[in-house]
Amino acid sequence: MNAARLIACHECDLLQRETALASGGTARCRRCGAMLYRRPPASVDRALALTLAAMVLFVVANTFPIVGLSVNGNLVETTLFGAVRVLYDDGVWPLAGLVFVTTLLMPLLDMAAVTYVLLPLRTGHVPRRPDIVLRVLRHVTPWGMIEVLILGMLVALVKLAVIASVVPGTAMWAFGAVMLLLAAAASTFDPHDIWERIDRARSVQIAGSAEEGKISPSTPTAARAGLFVCHDCGLLSKPAAHINEGRCPRCGAGLHFRKPGSIARTWAFIISAVILYIPANLLPVMDTSSLFGAQTDTIMSGVVYLWTSGSWPLAFIVFIASIAVPMLKIIALIFLVLTAQRRWRWLPQRRTRIYRLVELVGRWSMLDIYVITILVALVQFNALATIKAGPGAIAFGAVVVLTMFAAMSFDPRLIWDAVEADHG
């Protein structure tokens, strides 16, 4: 690595120099604390081995039943895809699509993309069009939610245990192993290192990239220095004169000094989420029919049920993930976009940490969706009892997706632009 090479922080845009790291080291932004790059040991070998193992177990997890439910000699089992199909057959196709994408399609694409890139590199070759695959990987990764699915399965098992005998299936253990392997692979896979390997293998100099030089106090950020930073591959490049948009010379991604329409798009997603948050909490997420009559459950009534049944740790987890997190995430996003829009200058480090936390916890709100999916798929005993997803579940799933889109649309560098104005 060239010690004089410049790099820009994705969260505050501060220009810094790349330095050589010890094995296992991590470089963080000296201003906002964001991670810039890492040097995991044996990154290609470990990430490839872990991903290949995860792919094998992913096939097992989708071949065998997740869980079995036995009532009066009747055994009902379901695979994850079978649960998605039950939702679709019940007419709740938006929910079925959301579960399919986040637990089947996106994790599979994630593993396939990592394998596609790493396998040739392991043998000393460069894969064809790694730019496209790595860009796809960056956008796919946040939507794979195997770890949330596992927690949803555990909550569903607690609820099912009072109905009938529950037997965890092979797929549940396989999904647990997939979750651990993917987490380990993600901690080892480093796109920064991958791009350096690709550049060395190609033995090419990227035209238009930022040259070595001193970081001037008057131009501490990439934007003020007139440099584009690519969010897909991290390359700094010089745009043509009087150009505010362009293409990365290395990976072809679109380049902008700031995300186009960040404030407007974030507001649009937030307002839509706020509107849907009300029916998501007032309308039933599940409709239960049994010999004893019909019952509807909202998200809060599900929390109350877990609490009164003695499963207070799970009740606490579901309350945090399904009620507190979506509400607090909406409040935090409103705070971030409002302060950025008004160009407030105070506490930029803390506001950046809030943004980081919002991105981290948002996916866990999908917990209740996965609980509903398992319950709907298994409780299908016709005259004895059936469970169907209610309209509140669709609204709640939309809230989760919209808040994730809002976080992705917000540009945290806007927080620091007002601070830079004080020193301009």
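**Close-up A. Arginine 258 and aspartate 13 meet through their side chains in a salt bridge, with an N to O distance of 3.3 Å.** In this predicted model, arginine 258 is located in the loop between strand 11 (254-256) and helix 8 (262-282), while aspartate 13 belongs to the loop between strand 1 (6-8) and strand 2 (15-17), so the contact ties together parts that are 245 residues apart in sequence. Both arginine 258 and aspartate 13 are buried.

**Close-up B. Asp13, Arg258 and Asp417 are linked in a network of salt bridges.** The structure as a whole holds 11 salt bridges.

**Close-up C. A salt bridge joins arginine 138 to aspartate 232, whose closest N and O atoms are 3.0 Å apart.** The pair links distant parts of the chain, since arginine 138 sits in helix 4 (residues 130-140) and aspartate 232 in the loop between strand 8 (228-229) and strand 9 (236-237), 94 residues apart. Arginine 138 has a relative accessible area of 37% and is therefore partly exposed, whereas aspartate 232, with a relative accessible area of 15%, is buried because the cut-off for that class is under 20%.

**Close-up D. Arginine 250 and aspartate 199 form a salt bridge in which the closest N and O atoms are 2.5 Å apart.** Here too the pair links distant parts of the chain, with arginine 250 in the loop between strand 10 (245-247) and strand 11 and aspartate 199 in helix 7 (residues 191-202), 51 residues apart. Arginine 250 is buried, as is aspartate 199.

Methods. Residues numbered from 1 in each chain as written. Predicted model: local features only at pLDDT ≥ 70, side-chain atom pairs only at ≥ 80, totals over all residues. Heavy atoms only, no water. Salt bridge = Lys/Arg side-chain N within 4 Å of Asp/Glu carboxyl O. Helix = DSSP H or I, 4+ residues; strand = E, 2+ residues; numbered from the N terminus. Buried < 20%, exposed > 50% of the residue type's maximum accessible area, 1.4 Å probe, protein only.
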